[in-house]
Amino acid sequence: MNIYALSTPPGVSGIAIIRVSGDSALQIANQITRTVIDQPRSALLKSFYDQEGELIDEGILIWYPEGQSYTGQHLIEIHTHGSKAVINKLLEDLGDRKDCRLAEPGEFTKTAYQNNRINLYEAESIADLLQAETEAQRIQALRLKNSSPKFLEWRETILDVLSKTEASIDFSEEDLPEGILKNNEEKIKSIVSDIDEMLDETMGEIIRDGFKIAIIGPPNAGKSSFLNLLVKRQAAIVSSIKGTTRDIIEVKYHINNYPVILTDTAGIRNTKNKIEKTGVELALNASIEANLDILILDGTEKKIPKNIQKLITAKTLIILNKKDKKSFNAKKIIKELKGYKFKDLIEVSIKDKTGINKLNSRLKKIVSEIDTAQSTTLISRARHRALLKKCSNRLHDFLKISKSDEVEKAAEELRLASNNLGHIVGFIGVEEILGKIFQDFCIGK
């Protein structure tokens, strides 16, 4: 069965592209154009007709032969005028054919994977590229797409060491080539070192999912007002009533072309109200998961509540708000913070925007410490991290066992380590995750 889909966004446009992939795609192209298409990978000006012979439109048709296309099958691209009427007519005509059906989300890329045009890791990187909203995400997705050979290289080395280890089990020392086991441990140690260094870095996941900033603090310190000021819209309700914010409010934001997730949280205080208490628990969890805490404090208060003091860590940026008030007294708060380690303290007035430029500059500097251009990490998803962690554990176990006489166990650890890398690129047992990965794609890709 051939699959088809609109590969450009729906709506009025200068050009629309409809893709058809399958064994009969070339025959379908011949029928639609009422000609014989015999020039592969060439832009051909053609008229497009429906099955009754009525003219639909005139445009460009490109035929990609089997084995030379994105999907690995015969694939045609129909470039038409981007009016709704033309698009709907062509899609309707394809849908009426018995040998065609509408593609599912990501089915073109899934077909490419199944036909060995790309591996699973590359497919995930393509998904990330399609969903990239910032320059940092675009750079990372392209870099990861071209990085999968590293996994294959590691796997080949492990399999090579495995084959030599198994040979030492099956044959006597007299029958083995001299030096067959030489440098095997060094090869594995090198791979383990690379993987462990990568596991220590979280940059890839931050770039893909967003740098998480939790806005925390006591009630009425100005957290929601700060969020609204930063994103330049009313994302959160502002009120003088304590406990107005009771749920987590997440807003996607960009700082220096890096994706950021701002989380406004409930005011942290002791309360008997069950709903507000749940909000406080959510706020504390948001702080734990965040890459940066922005702690908003009321500069007119004389003391910092003890439950707030406990939240101050090395990842906390303290904002002393209400500088416009006569009762503002930064010295008392700063004195109370003596001995605490935190990123910085900035005095502001959210009301009249005093200190906001300085705050924005500081945020840009903090977020820009994520440098994708120099990053070498290959991890952008929890799936990659979990499998690499398992691979590392197996290789560490191999290095321990290799010093003993338990050669069979050492070989098994290598086999399991290579399987973990095989799962990443899709060589082994991936059926259970294919649906989840490709559902993130748009139809037509």
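Leu144 counts as buried because its relative accessibility is 1%, where buried means under 20% relative accessible area, exposed over 50%, and partly exposed in between, with a 1.4 Å probe and protein chains only. The residue is found in helix H5 (residues 135-145); helices are DSSP runs of H or I with at least four residues, numbered from the N terminus. Leaving aside neighbours within four places in sequence, Leu144 is in contact, meaning heavy atoms within 4.5 Å, with Tyr121, Ser125, Thr377, Leu378 and Ser380. The C-alpha atoms of Leu144 and Ile126, which are 18 residues apart along the chain, are separated by 9.1 Å.

The model is predicted, so local features need pLDDT of at least 70 and side-chain atom pairs count only at pLDDT 80 or more, while totals for chains, interfaces and linings use all residues. Residues are numbered from 1 along each chain as its sequence is written, and side-chain values use heavy atoms, with hydrogens and water left out.

The expected span is 1.5 Å times one less than the number of residues.

| Helix | Residues | End-to-end C-alpha distance | Expected span |
|---|---|---|---|
| H2 | 84-96 (13 residues) | 18 Å | 18 Å |

In H2, the buried residues are Val86, Ile87, Leu90, Asp93 and Leu94. Seen down the axis of H2, they fall within an arc of 135 degrees, so they line one face of the helix; the arc is that of the directions from the helix axis to the C-beta atoms. The face of H2 turned away from this buried side carries the exposed residues Lys84, Ala85 and Asp96.

In H13, Ile356, Leu359, Leu363, Ile366 and Val367 are buried. These residues cover an arc of only 90 degrees around the axis, which puts them on the same side of H13, whereas Asn357, Lys358 and Lys365 are exposed on the other side.

A further pair is formed by helix H7 (residues 184-199) and helix H14 (residues 382-401), whose axes come within 10 Å and cross at roughly 145 degrees; axes are lines fitted to C-alpha atoms over the stretch in contact, and angles run from 0 to 180 degrees between N-to-C directions. Among the residues of H7 that meet H14 are Ile188, Ile191, Val192 and Ile195, and the H14 residues in this contact include Leu388, Cys391, Leu395 and Phe398.

Note on methods. Helices (H or I, at least four residues) and strands (E, at least two) are DSSP runs, numbered from the N terminus.
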